[in-house]
Amino acid sequence: MGFIFSSLLLSSCIRTNVTHQLNSGDDDSVICVQNDKGMKLFKDGRYKEAIAQFEIGAAVAKTISPYNYGVFKGNIATAYINLNDFKNAYENAHESVRVMKHELERHNLTQEAHDQAQMILAFSLFAMGSCDYSFEKDEKSEEELKQAFNFAKRTDFFDLKIKILTKWGLVRYARNDIASAVKMVNDAIDICKKRSFRVCRG
């Protein structure tokens, strides 16, 4: 299916709070290395191998950096979706949402980490909604996509907004709400036109 592109992968190798720096030679360094390895493999279309690298990073991050653990889980969900494994994609996206919602409640996140948390919440909820759409759970899918768009609106990630609206339009169409479906697709097209995105021309 491959409807989530590598451009939607997020970096786990960032400074997450005002006191924490990424240092070489420690567990933070492992997080960076595994993130880089996984992203390269993903971009090469080697999704199973990318998952293995992201899983190693997630295992390290889980105890020392829940934030980066949540990012890894979101990226793992992306890879599973590109393998059409919606069950594992959903489970990983759900875990990412759980962790990132908790992380957003913290008051010491850097602005970069806070903005990326919003982005990965939007992304992971989009992944969940897309999976439930494939499971023909339209009502549940619509609620997840609605939450995804609410988070996406707070970011500059216009490509993701377009994907959410398009998928949401398909869900509305499946529920026989044709007028609403058309409006959502038109809203996505309007974002494309305003931003002159490559996705609009493709």
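Which residues touch the most other members of the largest nonpolar core? They are Tyr67, Met100, Leu160 and Ile164, in a core of 57 residues. A nonpolar core is a set of buried Ala, Val, Leu, Ile, Met, Phe, Trp, Tyr and Cys residues joined through side-chain atoms within 4.5 Å. Eight helices, α1 (27-43), α2, α3, α4 (86-104), α5 (111-134), α6 (138-152), α7 (158-174) and α8 (178-195), each supply at least two residues of this core. Helix α5 gives the largest share, twelve residues.

The model is predicted; local features need pLDDT of at least 70, side-chain atom pairs count only at pLDDT 80 or more, and totals for chains, interfaces and linings use all residues. Residues are numbered from 1 along each chain as its sequence is written, and side-chain values use heavy atoms, with hydrogens and water left out.

The protein has nine helices and zero strands. Helices (H or I, at least four residues) and strands (E, at least two) are DSSP runs, numbered from the N terminus. Of the 202 residues, 52% are buried. Buried means under 20% relative accessible area, exposed over 50%, and partly exposed in between (1.4 Å probe, protein chains only). Among contacts with a separation of 6 or more, 65% join residues 24 or more positions apart; contact means heavy atoms within 4.5 Å. The protein exposes about 9,900 Å², and carbon and sulfur atoms supply 51% of this area. Accessible areas come from the Shrake-Rupley method with a 1.4 Å probe; for residues, only the protein chains shown count as cover.

Aromatic rings were then examined. Rings of Phe, Tyr and Trp (its six-membered ring) pair if their centres lie within 6.5 Å; planes under 30 degrees apart count as stacked, over 60 as edge-to-face and the rest as tilted. Phe42 is buried, at 2% relative accessibility. For Phe54 and Phe72, the centres are 6.1 Å apart and the planes are at 55 degrees, so the pair is tilted. This pair links distant parts of the chain: Phe54 is in helix α2 (residues 47-64) and Phe72 in helix α3 (residues 66-82), 18 residues apart. Both Phe54 and Phe72 are buried.

The structure holds eight salt bridges. A salt bridge is a side-chain nitrogen of Lys or Arg within 4 Å of a carboxyl oxygen of Asp or Glu. Arg98 pairs with Glu95, with the closest N and O atoms 2.9 Å apart. These two residues are three apart in helix α4, about one helical turn. Glu95 is buried, at 18% relative accessibility.

Glu142 takes part in two salt bridges. With Arg172, the closest N and O atoms are 2.2 Å apart. Glu142 lies in helix α6 and Arg172 in helix α7, so the bridge ties together parts 30 residues apart in sequence. Glu142 is buried at 10% relative accessibility, and Arg172 is buried at 18%. With Arg175, the N to O distance is 2.7 Å. Arg175 sits in the loop between α7 and α8, so its bridge to Glu142 in helix α6 ties together parts 33 residues apart in sequence. Arg175 is partly exposed, with a relative accessible area of 40%. Salt bridges that share partners join Glu142, Arg172, Arg175 and Asp177 into one network.
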